[in-house]
Amino acid sequence: MLSFIAKRILSLIPVILIVSIVVFLLLRLSPGDPAVVIAGDNADAATIERIRATLGLDQPLLTQFILWVGSLLRGDLGVSIFSNIPVTDLILQRLEPTASLALTTIFFSILIAVPLGTIAGATAGSWLDRALMLISVLGFSIPVFVLGYCLIYVFSLQLHVLPVQGFTSIRQGIFPFLSNIALPTMTLGLAYLVLIARITRASVLEMMGEDFIRTARAKGVKERIVVTRHALRNSAIPILTVIGIGVALLISGVVVIETVFNIPGVGRLVVDAILKRDYPVIQGVILVFSGVYVLVNLAIDIGYAFLDPRVRY
């Protein structure tokens with residue numbers, strides 16, 4: 001087991017390196033210049049070049065990349081060009097809203113999707129199964145920002161039961177926290193929910209046709225036990241897989257949802273940084289998001305090893 005985990009951790013090194021190269025080149029080769037933004041519209045060429053030299057943007061790309069990687073190896077994500085605050089501090093200041101939104105979305109989605117998909121798979125062809133398929137189509141078809149505005153209109157502007165925007169820390173009370181996080185969680189959780197529910201349904205439906213299910217039924221095992229302890233348990237690996245894959249969907253959705261609901265999280269931070277061409281902030285946030293995605297999938301791989309010993313080899 002330890003050798004398997006060590007191999008998986010070592011395999012992450014080239015992944016992080018490739019991500020770093022792509023992020024660096026993507027930002028440097030894309031149109032726009034932060035020196036121009038800082039200098040203003042009326043600045044002359046000499047002023048812009050002086051700012052570029054101060055920021056180190058006048059150096060060759062290879063030199064900039066080596067300096068940046070050297071800082072990363074020391075745990076330094078750089079300093080924001082505009083606020084002159086370390087990127088690590090900026091991310092930590094915005095981390096609580098983003099982490100709260102992500103965790104509540106995952107909890108909300110799994111809590112609903114797994115039982116719903118299990119029941120739909122065990123009762124294939126029923127009205128519940130058809131309803132799940134319809135919801136799945138709608139969940140994948142409606143953009144999250146459109147759904148967000150629809151929920152704001154219904155629950156905030158018409159029913160007046162939930163706030164339109166903002167974030168309240170859980171330290172200020174569980175009810176204010178849940179009331180502010182409810183709409184963003186429902187909005188972001190729909191696509192994640194239907195993805196997990198569909199894979200759960202398909203996996204359980206496949207297991208229901210296996211010989212060990214017929215054997216359990218022949219022994220007189222109750223249908224509820226057959227579905228939960230036999231079919232669902234043996235469907236755990238594909239469900240874990242889609243949960244890990246869905247983290248990428250979750251990360252991208254956080255950026256949109258925080259903008260729609262005016263949540264001061266890491267997603268809003270990266271949007272503001274993109275508009276200002278703040279290279280260090282953009283690079284730092286993307287690397288952090290990539291690291292989270294890689295670590296989640298590493299945890300999924302370790303979970304495979306516990307569920308199926310064959311995965312270790």
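Figure 1. At 52% relative accessibility, Asp 211 counts as exposed, where exposed means over 50% relative accessible area, buried under 20% and partly exposed in between, computed with a 1.4 Å probe on protein chains only. Its side chain meets that of Arg 214 in a salt bridge with an N to O distance of 2.2 Å; the term salt bridge stands for a side-chain nitrogen of Lys or Arg within 4 Å of a carboxyl oxygen of Asp or Glu. Arg 214, at 45% relative accessibility, is partly exposed. Helices here are DSSP runs of H or I with at least four residues, and they are numbered from the N terminus.

The model is predicted, so that local features need pLDDT of at least 70 and side-chain atom pairs count only at pLDDT 80 or more, whereas totals for chains, interfaces and linings use all residues. Residues are numbered from 1 along each chain as its sequence is written, and side-chain values use heavy atoms, with hydrogens and water left out.

**Figure 2. A salt bridge between Asp 129 and Arg 201.** The closest N and O atoms of Asp 129 and Arg 201 are 2.4 Å apart. Asp 129 belongs to helix 6 (residues 127–141) and Arg 201 to helix 8, so the pair ties together parts that are 72 residues apart in sequence. Both Asp 129 and Arg 201 are buried.

**Figure 3. A salt bridge between Glu 96 and Arg 171.** In this pair the closest N and O atoms are 3.3 Å apart. Glu 96 lies in helix 5 (residues 87–122), while Arg 171 lies in the loop between helix 7 (144–158) and helix 8 (174–207), so the contact ties together parts that are 75 residues apart in sequence. Glu 96 is partly exposed, with a relative accessible area of 25%, whereas Arg 171 is exposed at 68%.

**Figure 4. Helix 7 and its kink.** Helix 7 has a kink of about 25°, centred on Ile 152, the bend at a residue being the angle between axes fitted to the seven residues ending there and the seven starting there. Among the buried residues of helix 7 are Leu 147, Leu 151 and Ile 152, and the buried residues of this helix pack against helix 8 and helix 11 (236–260), with contact meaning heavy atoms within 4.5 Å. After helix 7 comes His 160, whose phi is positive, near 55°.

Definitions and conventions
Helix = DSSP H or I, 4+ residues; strand = E, 2+ residues; numbered from the N terminus.
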